[in-house]
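Open the model in your viewer and keep the selection tool handy.

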Amino acid sequence: MITDVRAPHGHQQPYGTAYEQMLEKVRYEGAYPTREKADEAVRLVLAGLGRQVTGDERVELAARLPLEAARALTAQIPDTHPLTGWAFVKDLSTRTGASLATTRWDTGSVFSAVSAYAGSDLITRILHQLPAGYALLFGRVELTPAA
């Protein structure tokens with residue numbers, strides 16, 4: 001489980017039903033022991049994704065996610081130089097102090113739920129926008145053209 005020491009802990013606000021359902025999906029997919037651990041993973045991974053996705057895809061993704069998840073995504077300013085999928089995992093791992101394996105697990109668990117909300121077409125458009133390496137994080141095969 002990734003943990004960002006800078007993230008506030010113990011926020012006891014009630015969540016919307018859609019976000020509760022998203023947390024339960026992430027908790028189940030990631031085998032997290034508590035909803036709070038799933039919430040932490042969702043917020044950190046979506047913040048990272050918010051630094052990568054731009055344009056219409058960013059707006060459309062935010063519109064499809066539960067409000068709390070959309071806020072985590074859109075609170076970030078996109079980076080001027082997008083990271084590859086592997087660099088994305090390494091960046092999150094560095095920011096949180098978690099191992100690469102744990103960060104990769106958290107990313108896949110959250111991206112699985114994001115895919116369910118976004119739909120296949122939007123995820124495909126997002127993957128075309130991002131550098132190589134994100135397809136696997138979203139549970140897809142990444143095909144590269146032959147040289």
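Start by selecting α2 and α5, which pack at an angle of about 125° with their axes 11 Å apart. Helices here are DSSP runs (H or I, at least four residues), numbered from the N terminus. Axes are lines fitted to C-alpha atoms, for helices over the stretch in contact, and angles run from 0 to 180 degrees between N-to-C directions. The two helices are therefore oblique to each other; angles under 35 degrees count as roughly parallel, over 145 as roughly antiparallel, 65 to 115 as roughly perpendicular and the rest as oblique.

This is a predicted model, in which local features need pLDDT of at least 70 and side-chain atom pairs count only at pLDDT 80 or more, while totals for chains, interfaces and linings use all residues. Residues are numbered from 1 along each chain as its sequence is written, and side-chain values use heavy atoms, leaving out hydrogens and water.

Now show side chains: Leu 44, Val 45, Gly 48 and Leu 49 of α2 meet Phe 88, Leu 92 and Thr 96 of α5. Contact means heavy atoms within 4.5 Å. By class, this α2 and α5 contact has five nonpolar, two polar and no charged residues. Ala, Val, Leu, Ile, Met, Phe, Trp, Tyr, Cys and Pro count as nonpolar, Asp, Glu, Lys and Arg as charged, and the others, Gly among them, as polar.

Next, select α1 and α6. Their axes come within 9 Å and cross at roughly 135°, and that makes α1 oblique to α6. Residues making the contact include Met 22 and Lys 25 of α1, and Trp 105 and Val 114 of α6. The contact of α1 with α6 has nine nonpolar, four polar and two charged residues.

Which residues have the most contacts inside the largest nonpolar core? Select Met 22, Leu 46, Leu 61, Leu 65 and Val 114, in a core of 37 residues. α2 gives the most to this core, with six residues. A nonpolar core is a set of buried Ala, Val, Leu, Ile, Met, Phe, Trp, Tyr and Cys residues joined through side-chain atoms within 4.5 Å.

Zoom in on Leu 65: not counting residues up to four places away in sequence, Leu 65 touches Met 22, Leu 46, Ala 70, Leu 73, Val 114 and Tyr 117.

Last stop: Asp 56, in helix α3. Is Asp 56 buried or exposed? At 60% relative accessibility, Asp 56 counts as exposed (buried means under 20% relative accessible area, exposed over 50%, partly exposed in between, with a 1.4 Å probe and protein chains only).
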